[in-house]
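Here is a short note to read beside the structure. Please keep the model open and find each element as it comes up.

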Amino acid sequence: MNNETHLSFTSVGDISLTDLKKLVTFIKNNFNFDFSQYAMSSFKRRVARVLQLYSISNVDELISGLVNRRELFDEFLKEITVNHTEMFRAPSFWRKLRDQVIPLLACNQPIRIWSAACSSGEEIYSLAILLQEAGVYEKARIVASDINDRVIAKAKSGTYWIRSLEVNEKNYQRFEGKMKLSDYYVTSGDNYIMNKDLLRNVSFKQFDLVMGSEFSKFDLILCRNVLIYFTPELQNQVLRLFNNSLFMKGFLAVGEKETIAFCKNAEKFETFCAEERIYRKISE
Ligand SMILES: C[S@@+](CC[C@H](N)C(=O)[O-])C[C@H]1O[C@@H](n2cnc3c(N)ncnc32)[C@H](O)[C@@H]1O
């Protein structure tokens, strides 16, 4: 059972909708992040978690803390935006990407890929390994972005706690990679460090899917396990951004529990693989 399961609102005082709105407005005005269209139930759960973790009794006290301590905002952002990730998360998706999507892009020069919420980088190393093993890495130009610059720094460092290795190794085996995952990292004390060469065609960028606008065009966009935190209106807005950011027939992949089906802008995509949540742009 994880910490989140233990949280109860009674332990932190009930958080009203008015409190949440006050907090969202404060953050927008002071930090220029807009959480107003994050799904409120999970946002509320996350705020409760911050209150509990930092022994803060209510939202007003949290706001005062955020005014006075910049580092508290970094922690807050980390909790609110949910950074959990794994290498080759949902391995069948990565097999589908390797076996059916990448071959259709292999002739492109370059192959432009955007990982739009890369978290601490496990998705980027997975992608780089996949492209390398498919023999197309040299053609690839990858943009890796996230709202949170702290996770981007971790992605660049490629240094992960040894305890995450088991799940990543297992995922890589289920992906049926050509090598051993250990061919791509070295261990160092309690950590393992990914081979930085895998980042030679990757550029990192802090980018907020809510506030940001189109900055380039891509053949493939990965945006996995993020839309689930957004309201349907925001999902639709982000889908418009992705449509504008894809070449015609470009691919969009979302997370295994996500779908674009209920968005109005879904009509601009066709389903390429329903099971693995891969879509293809068919109109502007
Ligand atoms: C659960 S992780 C998913 C990471 C990875 N894509 C995966 O599937 O394993 C969600 C990521 O979305 C990022 N995120 C949340 N809101 C965002 C926003 N508005 N713009 C960009 N990234 C955002 C978080 O910082 C976090 O790193």
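**Notes on the fold**

1. Start with strand β2, residues 140–146. Six of its seven residues are buried, so the strand is largely enclosed by the rest of the structure. Buried means that 20 or more other C-beta atoms lie within 10 Å of the residue's own; exposed means 12 or fewer, partly exposed is in between, and C-beta atoms are placed from the backbone. Strands (E, at least two residues) and helices (H or I, at least four) are DSSP runs, numbered from the N terminus.

2. A word on the model. This is a predicted model: local features need pLDDT of at least 70, side-chain atom pairs count only at pLDDT 80 or more, and totals for chains, interfaces and linings use all residues. Residues are numbered from 1 along each chain as its sequence is written.

3. Now the whole protein. It has 11 helices and 10 strands. Its radius of gyration is 19 Å, close to the 19 Å from the globule rule for 284 residues, so the protein is as compact as a globular protein of that length. That radius is taken over C-alpha atoms, and the rule is 2.2 Å times the number of residues to the power 0.38. Along the principal axes, the C-alpha atoms fill a box of roughly 55 × 50 × 30 Å.

4. How much of the protein is buried? Buried residues make up 38% of the 284 residues. Look at the contacts too. Of those with a separation of 6 or more, 76% are between residues 24 or more positions apart. A contact means that two C-beta atoms, placed from the backbone, lie within 7 Å.

5. Return to β2 and its sheet. Seven strands form an open sheet in the order β6-β2-β1-β7-β8-β10-β9, with mixed pairing. The edges are β6 (202–206) and β9 (269–273); each has a single partner strand, so one side of each is left without a neighbour in the sheet. The twist averages 20 degrees from one strand to the next. For such angles, axes are lines fitted to C-alpha atoms (for helices, over the stretch in contact), and angles run from 0 to 180 degrees between N-to-C directions. Two strands pair if DSSP finds at least two bridges between them.

6. Strand β1 (residues 111–115) runs parallel to β2, and five bridges join them. Here S115 stands opposite A144 in β2. Strand β8 (residues 246–254) runs antiparallel to β10 (residues 278–281), with three bridges. F251 stands opposite R280 in β10. Strands of a sheet pair through backbone hydrogen bonds, either parallel or antiparallel.

7. There is also an open sheet of three strands. Its order is β3-β5-β4, and the pairing is antiparallel. β3 (159–161) and β4 are the edge strands, each pairing on one side only. Neighbouring strands here are turned by 30 degrees against each other on average, direction ignored.

8. Which strands of this sheet form a hairpin? β4 and β5 do, with two residues between them. In the turn, G189 has a positive phi of about 60 degrees. Four bridges join β4 (residues 185–188) to β5 (residues 191–194). S188 has N191 in β5 as its bridge partner. On the other pairing, β3 and β5 share three bridges, and T159 stands opposite I193 in β5.

9. Check the loops next. D183 sits between α10 (165–175) and β4. It has 10 C-beta neighbours inside 10 Å, so D183 counts as exposed. P110 lies between α7 (91–105) and β1. The peptide bond from Q109 to P110 is cis, with omega near 0 degrees.

10. Two residues other than glycine have a positive phi. N225 has phi near 65 degrees; it lies in the loop between β7 (218–223) and α11 (232–245). R277 has phi near 60 degrees and is found in the loop between β9 and β10. Are they buried or exposed? N225 is buried, with 21 other C-beta atoms within 10 Å. R277 is buried, with 23.

11. Finish at the ligand. It is surrounded by 20 residues, and the closest are T81, T85, A117, S119 and L209. A residue is near a molecule if its C-beta atom, placed from the backbone, lies within 6 Å of it. The shell divides into seven nonpolar, eight polar and five charged residues. Ala, Val, Leu, Ile, Met, Phe, Trp, Tyr, Cys and Pro count as nonpolar, Asp, Glu, Lys and Arg as charged, and the others, Gly among them, as polar.
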